[in-house]
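Hi,

Here is the structure I promised to pass on. Could you open it next to this email and read along?

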Amino acid sequence: MELLDPRVDFVFKRIFGSENNKDVLLAFLNRVLTEAGDPPLTEIILMNPYTDKDDPLDKQSIFDVYAKTSEGKLIDIEMQLFNKYDIEKRTLFYWSKRYSSQLHEGEKYQELKKCVTINILNYAFLANDNYHSTFHLREDRTGLTLIDDIEIHFLELPKLDDVIPSQGGLENWLLFLKGVDTTHWEVLKMNEPGLEKAMDTLQFLSQDSEARRLYEARQKYLHDEASMLEGARKAGIKSGITEVAKNMLDLNLDISTIAKATGLTEQEIIQLKK
């Protein structure tokens, strides 16, 4: 039996965002948050639990896992299978919406609770070797915290390529998500007992024909979306390069120099000159 890919957001939400699996989510969050120096959570409330209304092809369906702690702290977990670019700006935009949506007319700013965003990325993003990076709002020179209400995590799965399961901790959860060979599952479970239910859920979903049908539909949708975004990005880059080449022609630079500078062929530049 071929297992479904837990990095597909539809499957991820079934594993971590279902009412029956709140204990799985709690175990995972405690590994993420305690690494950032936060105290362990004892309870979690799902704000958008998975339901059968979560249509994989509906753009309105939200496959983030959105939760709240008993103290009111809001936590948003997003699985990103493909690079949609501008992830840092998208993260701040959605964080700000979560943060500001807490206040209703007449309420005071002091009632705002901390918002935590956890991005799990299936691609490398930050210019470091750490698979787990955490950001807060601090003063540059002294490290003085302005306010603790913002906390953003990036978990980058490709940076685990050389990691083998050896001890308990967050890396075991990420190796499971990354699709580490199931021959390592027994080791992962021994290192991290909370993973067993996540693995059982994935195996159950993988044997369910309706879950597989929805998974395949979602996977195709994500691949098509990624292809369109990449096509648009490349078209934008090509358009920008073309404009640069035109400007260089206006400066009377020779065609071979322009070709070397832009990567365009000499024939393409000759066509632009015409």
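This is a predicted model: local features need pLDDT of at least 70, side-chain atom pairs count only at pLDDT 80 or more; totals for chains, interfaces and linings use all residues.

Residues are numbered from 1 along each chain as its sequence is written, and side-chain values use heavy atoms, with hydrogens and water left out.

**The cavity**

The count comes to 1 cavity of 30 Å³ or more. A cavity here is a set of points on a 1 Å grid, over the protein atoms alone, where a 1.4 Å probe fits but cannot get out, and lining residues have an atom within 4 Å of a point. Grid points are joined across faces, edges and corners, and the volume is the space filled by probe spheres set on the points. For the largest cavity that volume is about 60 Å³.

Its lining consists of Asp76, Glu78, Ile87, Arg90, Thr91, Tyr94, Trp95, Thr117 and Asn119. The elements giving two or more residues to this lining are β3 (74-80), α3 (87-100) and β4 (115-121); helices (H or I, at least four residues) and strands (E, at least two) are DSSP runs, numbered from the N terminus. The largest share, 5 residues, comes from α3. By type, the lining splits into 3 nonpolar, 3 polar and 3 charged residues (Ala, Val, Leu, Ile, Met, Phe, Trp, Tyr, Cys and Pro are nonpolar, Asp, Glu, Lys and Arg charged, and the others, Gly among them, polar).

**The strands around β4**

β4 is mostly covered, with 7 of its 7 residues buried (buried is under 20% relative accessible area, exposed over 50%, partly exposed in between, with a 1.4 Å probe and protein chains only). Cys115, Thr117, Asn119 and Leu121 point one way from the strand, and Val116, Ile118 and Ile120 the other way.

β3 and β4 pair in the parallel sense over 7 bridges (a pair needs at least two bridges found by DSSP). Ile75 stands opposite Val116 in β4. The chain gets from β3 to β4 through α3, and this β-α-β crossover is right-handed, that is, clockwise from the first strand over the helix to the second when the strands point away from the viewer. β4 also runs parallel to β6 (residues 145-156), joined by 7 bridges, and there Val116 stands opposite Glu151.

**Salt bridges**

How many salt bridges are there? The count comes to 17, each being a side-chain nitrogen of Lys or Arg within 4 Å of a carboxyl oxygen of Asp or Glu.

Arg31 and Glu192 form one of them, with the closest N and O atoms 2.8 Å apart. Arg31 sits in helix α2 (residues 22-34) and Glu192 in the loop between α5 (185-191) and α6 (195-207), so the pair ties together parts that are 161 residues apart in sequence. Arg31 is partly exposed at 31% relative accessibility, whereas Glu192 is buried at 6%.

Asp38 has two partners worth a look. Asp38 is buried at 11%, Lys73 at 13% and Lys114 at 10%. Asp38, Lys73 and Lys114 also belong to a network of salt bridges with Asp148 and Glu151.

Cheers

Note on methods: On a 1 Å grid over the protein atoms alone, a cavity is a set of points where a 1.4 Å probe fits but cannot get out, and a pocket is an open set with protein on both sides within 12 Å along at least five of seven lines; lining residues have an atom within 4 Å of a point.
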